[in-house]
Amino acid sequence: MIRIIIAEDQKMLLGALAALLDLEEDMTVVGSASNGKDALELVYKHQPDVCIMDIEMPIKTGLDAAEELKDMACKVIILTTFARTGYFQRAVKAGVNGYMLKDSPSEELVSVIRSVISGRRIYAPELVDEFYSTPNPLTERENDVLRLMADGKSTKEIANQLHLTNGTIRNYISSILEKLEVSNRIEAITRFKEKGWFK
């Protein structure tokens, strides 16, 4: 019997997933949680075979919880609405066994659970394609400038730290905004994070 914990903050979806999986002869839902913190407590308590996790949940996200479960026997499947390469990259680094989008057919989830239990890793193909087809467009120096921007540094502070002039830094920032197709620093930092390009 495959023992499953589900972590999902939308109560209706949580109930529907539990009911769906309990219909399978070889699966049983042993616990459900509405945030990552409670999900971790349930995993430690019940030692399930699989934990199905949403990403954006209160208190602790599914990715934070997945990172904490990296060295445990419990397999982790991310089930999310977000097809963001940054999230996907972080999930892969955390060693998740599956990454599915919520608009997948329900029978696909059952199939992925069985595949993951048998030792395979299953990732949504559209995310894998995006992951490998979207390289970081910034140069190494532009990456440095953006990282310092993300740290809250002003143009002058960035210039001082990189031993460049204010004008040169402004040119780099203009180039960054153009390459990332955004209109301001906040959008640039957000886009970079979503793509998973921060190291």
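How many residues does helix α1 have, and how far does the helix reach from its first C-alpha to its last? In this predicted model, helix α1 spans residues 11–22 and so has 12 residues by the run that defines a helix. From the first C-alpha to the last, α1 reaches 16 Å, which is close to the 16 Å expected at 1.5 Å a residue.

Four residues of α1 are buried, namely Leu14, Leu17, Ala18 and Leu21. These residues lie on the same side of α1, because the arc they cover around the axis is only 95°. The cover over the buried residues of α1 includes the strands β1 (2–7), β2 (27–33), β3 (50–53) and β4 (75–80), together with the helix α5 (106–117).

The chain as a whole may be described next. Its secondary structure comprises 10 helices and 6 strands. Along the principal axes, the C-alpha atoms fill a box of roughly 65 × 30 × 30 Å. Of the 199 residues in the chain, 41% are buried. When contacts between residues at least 6 apart in sequence are considered, 63% of them join residues at least 24 apart.

The surface and the charges complete the description. The accessible surface of the chain amounts to about 10,400 Å², and carbon and sulfur atoms account for 50% of this area. The side chains of the chain include 25 positive and 30 negative ones. The centres of these two sets lie 7 Å apart.

Note on methods:
Residues are numbered from 1 along each chain as its sequence is written. This is a predicted model: local features need pLDDT of at least 70, side-chain atom pairs count only at pLDDT 80 or more; totals for chains, interfaces and linings use all residues. Side-chain values use heavy atoms; hydrogens and water are left out. Helices (H or I, at least four residues) and strands (E, at least two) are DSSP runs, numbered from the N terminus. The expected span of a helix is 1.5 Å times one less than its number of residues. Buried means under 20% relative accessible area, exposed over 50%, partly exposed in between (1.4 Å probe, protein chains only). The arc is that of the directions from the helix axis to the C-beta atoms. Contact means heavy atoms within 4.5 Å. Accessible areas come from the Shrake-Rupley method with a 1.4 Å probe; for residues, only the protein chains shown count as cover. Lys and Arg count as positive and Asp and Glu as negative; His and the chain ends are not counted. The place of a charge is taken as NZ of Lys, CZ of Arg, CG of Asp or CD of Glu.
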